[in-house]
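These are my notebook entries on one protein structure. I set down what I looked up and what I found.

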Amino acid sequence: MSKPGPISAKPLSVLLSDVFSDAYAKQGFAARELVTRWAEIAGPQIAAHSEPLKMQWPRPVEGQPQEPATLILRVEGPMALEIQHSSDVILQRVNRFFGWSAVGRLALRQAPLSRRNRPAPSRAPDPKAVAKVAETLSAVEDEELRAALARLGAAIKRN
């Protein structure tokens with residue numbers, strides 16, 4: 001009788017990939033990365049006050065090129081006007097992410113955001129640690145570069 005091999009655990013994201021893909025597809029998202037990487041795509045200031053709800057694709061007309069979709073964003077009430085003024089920037093960033101003109105316009109829905117657990121902003125490194133690292137960077141001639149490298153080194157050592 002042969003001995004069974006070791007059991008390897010699969011990541012939960014692999015097991016639920018099809019489930020999530022189906023859920024995002026029902027909302028019109030061709031790729032879930034638009035939702036999961038929204039902060040990278042839209043930028044931290046815009047992403048802090050908005051989130052993509054769905055994409056509405058117009059019905060294709062035979063013999064005509066596919067029209068771009070409408071991206072529907074959920075926006076916190078007070079920031080709706082700011083987001084509306086930034087709509088051109090958002091469209092450019094989203095289309096750059098997709099690599100083609102997938103989105104032609106934005107529609108805003110004012111409502112509280114569904115996510116509330118935002119990561120805490122990173123704190124500045126300890127000035128004593130920065131000074132200690134800066135002492136080791138005497139070979140760097142540019143003062144601003146030396147200061148930036150010292151802050152980076154202190155932040156890396158802290159983590």
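Entry 1. My opening question was how far apart Glu 143 and Arg 146 are in helix 9. I found that they are 3 residues apart in helix 9 (residues 143–158), so about one helical turn separates them. Helices (H or I, at least four residues) and strands (E, at least two) are DSSP runs, numbered from the N terminus.

Entry 2. I noted the ground rules. The model is predicted, so local features need pLDDT of at least 70 and side-chain atom pairs count only at pLDDT 80 or more, while totals for chains, interfaces and linings use all residues. Residues are numbered from 1 along each chain as its sequence is written, and side-chain values use heavy atoms, with hydrogens and water left out.

Entry 3. I looked up the salt bridges (a side-chain nitrogen of Lys or Arg within 4 Å of a carboxyl oxygen of Asp or Glu). Side chains of opposite charge can pair when their charged atoms come close. The search of the whole structure gave 3 salt bridges. I also recorded burial, where buried means under 20% relative accessible area, exposed over 50%, and partly exposed in between (1.4 Å probe, protein chains only).

Glu 143 is exposed at 51% relative accessible area, whereas Arg 146 is buried at 18%.

Arg 37 and Glu 40 form another, with their closest N and O atoms 3.2 Å apart. Here Arg 37 is partly exposed at 35%, and Glu 40 is exposed at 59%.

Glu 51 and Arg 74 are also joined by a salt bridge, at 2.8 Å from N to O. Because Glu 51 lies in strand 1 (residues 50–56) and Arg 74 in strand 2 (residues 69–75), this pair ties together parts that are 23 residues apart in sequence. Glu 51 is buried, at a relative accessible area of 8%.

Entry 4. Strand 2 and strand 3 run parallel and are joined by 7 bridges. I noted Val 75, whose bridge partner in strand 3 is Gln 110.

Entry 5. I then searched for aromatic pairs: rings of Phe, Tyr and Trp (its six-membered ring) with centres within 6.5 Å, called stacked under 30 degrees between planes, edge-to-face over 60 and tilted for the rest. The count comes to 2. Trp 57 and Trp 100 form a stacked pair, 6.2 Å centre to centre, with 20 degrees between the planes. Trp 57 is in the loop between strand 1 and strand 2, and Trp 100 is in the loop between helix 7 and strand 3, 43 residues apart. Trp 57 is partly exposed at 34%, and Trp 100 is partly exposed at 46%.

Entry 6. I closed with the whole protein. It comes to 9 helices and 3 strands. Of its 159 residues, 26% are buried.

Key:
Two strands pair if DSSP finds at least two bridges between them.
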